[in-house]
Amino acid sequence: MEFIPDNKIDLICTHPPYAGIIPYSEDIPEDLSRLSVKDFLEEMKAVAAESYRVLKKDKFCAILMGDTRQKGCMIPMSFEVMEIFQEAGFKLKELIIKEQHNCKATGYWKTNSVKYNFLLIAHEYLFVFKK
């Protein structure tokens, strides 16, 4: 976003792809959806810094994020993203919990949740940050 001057944007809204949940490309190296959780979180540091740079003072940045599960255990990556944005200078104005159901893969996960004894991830977080 280097082509955007500092303090120029009034509102940022994003729902970044993450952790291979929905791949957005087959061979684009910069595609965040294809990164591991660790690499995704590292890239989000640059996203947070650039978002802070381009956003005007007292304006808002909203990020819709969910968590994921690996090897049967929860990975609370949404809260890690929240912390990354706070470390970049943002203040958490609101935390909204969004229920999610009837998604593309709900049937697959519901079947596997019974088979492998885990709960479905039934929500995402909408973090509303203020600069």
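**A friendly note on this predicted model**

1. A salt bridge here is a side-chain nitrogen of Lys or Arg within 4 Å of a carboxyl oxygen of Asp or Glu. Helices (H or I, at least four residues) and strands (E, at least two) are DSSP runs, numbered from the N terminus.

2. Before going on, please note that this is a predicted model, in which local features need pLDDT of at least 70 and side-chain atom pairs count only at pLDDT 80 or more, while totals for chains, interfaces and linings use all residues. Residues are numbered from 1 along each chain as its sequence is written, and side-chain values use heavy atoms, leaving out hydrogens and water.

3. R53 also has a salt bridge with E50 (2.9 Å, N to O). Both E50 and R53 sit in helix α1, three residues apart, about one turn of the helix. Through shared partners, salt bridges join D6, E50 and R53 into one network. R53 is partly exposed at 21% relative accessible area, and so is D6 at 48%. For these labels, buried means under 20% relative accessible area, exposed over 50%, and partly exposed in between (1.4 Å probe, protein chains only).

4. The whole structure holds six salt bridges. One of them pairs K56 with D10, with the closest N and O atoms 3.1 Å apart. This pair links distant parts of the chain, K56 being in strand β2 (residues 55-65) and D10 in strand β1, 46 residues apart.

5. Stepping back, the chain has three helices and six strands, in the order β-α-β-β-β-α-β-α-β from the N terminus. Of its 131 residues, 31% count as buried. Among contacts (heavy atoms within 4.5 Å) between residues at least 6 apart in sequence, 75% join residues at least 24 apart.

6. E124, in strand β6 (residues 123-130), is worth a look. Is E124 buried or exposed? E124 is buried, with a relative accessible area of 7%.
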